Every structure is written in structure tokens, then in C-alpha cells.
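Thank you for making time this morning.

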Amino acid sequence: MNTIVKSPISRTQTPYCRVDLLKCTSSKGFAQCQSNYLGERQAKGIIINTYVELEPHPIKSLANDNGVPSIYPVGPIINLNQEPDESIDSWLDEQQDSSVLFLCFWSCGSFDEEQLKEIATALDRSGYRFLWALRQPQAKGEIVRQSDRMGTSSGGGVSRVNWRIHYALRLEFDTRKLVFGIPMATWPMYAEQQVNAFELVVDMEMAVDINMEYRSESLVLVTAEEIESAIRRLMFDSTEEKNIRKKKEKMKEKSRRAVLEGGSSYHFLESLIKDFKDHSSN
């Protein structure tokens with residue numbers, strides 16, 4: 001008897017297929033993307049900036065797939081060697097612990113004027129101090145450098161920031177918020193970010209949701225009321241916020257242990273080095 005399993009992720013939260021997007025704009029781009037994906041399966045191994053404690057099910061699934069190369073989850077790998085912004089750092093140092101709201105939607109995340117007004121109104125009503133990284137929309141035909149595409153995997157959002165770890169604001173991946181135990185509100189915008197937001201909010205229960213079904217090209221306006229509600233849930237010393245912070249602190253400790261001797265990522269790094277040596281000697 002066949003069993004039908006219903007996905008907890010709604011149709012509107014499923015990720016866009018990157019190759020479909022490229023196919024719509026360029027048949028050459030589609031062919032190149034398809035070639036890249038097929039080429040990945042011919043690799044000897046894939047190094048991933050994650051760790052078993054964070055994503056046990058995907059890692060196990062990939063490891064058990066005979067069609068996938070060896071997987072090496074060696075994270076969390078984060079870059080702390082960033083040039084500080086003295087004006088921002090000095091301002092953050094003057095604030096109380098965990099009192100600043102940080103908003104960043106990365107290089108590919110931008111809003112029209114109407115949506116920006118809703119965000120600004122929500123911030124004003126909330127009464128919390130904030131740091132907002134804001135960029136203009138990408139011009140038509142503008143090419144974004146690959147280095148500028150590095151963004152948070154769960155989309156944009158807002159984070160409750162502790163001034164002692166504000167250097168984490170300039171790192172590339174969502175992993176850094178987990179490493180430093182920063183509570184987060186998700187605002188997915190494109191690609192697979194809806195699924196990642198679902199994982200953080202529903203599965204892991206380590207974030208609050210602003211609008212999980214939002215997409216950057218949609219005509220939906222996220223209202224100031226929705227944004228303000230998420231901000232207050234994130235910043236207010238509530239039971240929900242305490243639970244999120246507690247789980248974030250546990251994951252913070254797991255991420256620290258993963259890279260120590262005997263940890264899961266340490267083990268995979270040892271395996272990677274051994275495999276490098278074995279392949280080079282053959």
C-alpha cells in the first residue's frame with residue numbers, strides 16, 4: 001500500500017530552480033548551469049561550510065547517496081579578519097548589551113520606496129535602536145560580482161545584536177549568527193531562502209518569521225505592522241525570545257565544539273587531508 005507523505009513546506013515556500021530561471025533568460029546560461037551541476041557529481045569530494053550538529057539530516061542523506069561525491073562538512077568557517085568601521089564600532093560600544101537591531105538584506109536584496117517606508121515606520125514605532133545596511137536596487141542590466149552575491153542563506157532579516165560581537169555583522173553567511181548565538185528574524189527573498197527560513201523558524205525554532213512566503217519579485221507589501229510585530233517578538237524579553245536564545249546558545253556551543261579536536265568537523269577535516277594525501281600518492 002502506498003503512503004502519501006505531505007510536505008510541511010507549502011508550495012509558495014518551495015525554492016526556485018536556478019536552472020529554470022536561467023532557461024527563461026538564456027538557453028546558453030541554462031546549458032552552462034546544467035553542465036556545472038553535472039560536473040559537481042564528477043568531483044572527488046565536496047567541501048561544505050556547515051557541520052553535522054547543524055544539518056544532520058541533509059548531510060546523512062548526501063553521504064548515503066552513491067551518486068554524490070564524498071561530503072566534507074568542515075564548518076563553521078567564518079572570516080574575522082575584516083577591516084572595522086570605527087564610526088559604527090564606537091557607536092555600538094556605547095549601547096547596552098543585546099539592545100541593537102541589525103538589518104541587512106545583502107547585495108542582492110533591495111526594496112522599492114513603498115516597502116522601505118514600511119520598514120522605517122516599523123523601526124520608528126518599535127522604539128529600538130538599530131543599524132541598517134541599505135543599498136539601492138540593482139539597475140537593469142547591471143552585473144553583480146560573484147563576491148557581492150555572498151549572502152545569508154535564509155534571506156535578509158533583522159538580528160538582535162550584542163555589541164561585544166558586532167564584528168560578526170560583516171561576515172558572509174548565516175552560520176555566523178549561530179556561531180555567536182544571535183537571535184534572528186527571517187525575511188527570505190529569492191532562491192532556496194524560503195526553505196532555509198522554514199528550517200530556522202519551524203524546524204529548529206531558532207528564529208522568528210517576518211513573512212516566510214515573500215519573494216523579491218512579488219507585488220506583496222509587507223506592512224509596518226507585520227515588521228513591527230516580528231521586531232517586538234525578537235527584542236522583547238518574552239518566553240518565545242528566551243526559548244530562541246536558549247537554543248541559539250546551545251547551537252553556539254555545538255558549533256564551537258565541532259571544530260575542536262574530536263569534533264565532527266575536525267574529524268571530516270582529518271579525512272579530507274588523508275584523502276588528499278592518498279590521491280596525490282596514487
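This is a predicted model: local features need pLDDT of at least 70, side-chain atom pairs count only at pLDDT 80 or more; totals for chains, interfaces and linings use all residues.

Residues are numbered from 1 along each chain as its sequence is written, and side-chain values use heavy atoms, with hydrogens and water left out.

The chain holds 10 helices and seven strands, where helices (H or I, at least four residues) and strands (E, at least two) are DSSP runs numbered from the N terminus. Of its 282 residues, 37% are buried; by buried I mean under 20% relative accessible area, with exposed being over 50% and partly exposed in between, for a 1.4 Å probe and protein chains only. If we take the contacts in the chain with a separation of 6 or more, residues 24 or more positions apart account for 75% of them, a contact being heavy atoms within 4.5 Å.

Let me move to the helix pair. Two packed helices are described by the angle between their axes and the distance between the axes. Helix α5, residues 113-126, packs against helix α8, residues 224-235, at an angle of about 45 degrees and with the axes 8 Å apart; the axes are lines fitted to C-alpha atoms, for helices over the stretch in contact, and the angles run from 0 to 180 degrees between N-to-C directions. That makes α5 oblique to α8, given that angles under 35 degrees count as roughly parallel, over 145 as roughly antiparallel, 65 to 115 as roughly perpendicular and the rest as oblique. The crossing of these two helices, α5 and α8, is right-handed, meaning that the near helix is turned clockwise from the far one by less than a right angle, with anticlockwise giving a left-handed crossing.

Which residues of α5 and α8 meet? On the α5 side they are Q115, E118, I119, T121, A122, L123, R125 and S126, and on the α8 side A224, E225, I227, E228, I231 and R232. Sorted by class, the contact of α5 with α8 has six nonpolar, three polar and five charged residues, where Ala, Val, Leu, Ile, Met, Phe, Trp, Tyr, Cys and Pro count as nonpolar, Asp, Glu, Lys and Arg as charged, and the others, Gly among them, as polar.

Now to the charged pairs. Side chains of opposite charge can pair when their charged atoms come close. If a salt bridge is taken as a side-chain nitrogen of Lys or Arg within 4 Å of a carboxyl oxygen of Asp or Glu, the count comes to nine salt bridges.

K247 lies in helix α9 and E205 in the loop between α7 (193-203) and β7 (207-209), so the pair ties together parts that are 42 residues apart in sequence. K247 is partly exposed at 31%, and E205 is partly exposed at 42%.

Helix α9, residues 239-258, also contains N243, which is partly exposed at 41%. N243 and M206 are 37 residues apart in sequence, and their C-alpha atoms are 8.0 Å apart in space.

A further salt bridge joins E240 and R233, at 2.8 Å from N to O. Salt bridges that share partners also join E253, R256 and R257 into one network.

I will close with the backbone. Where is P76 found? P76 sits in the loop between β2 (70-73) and α4 (86-93), and the peptide bond from G75 to P76 is cis, with omega near 5 degrees.
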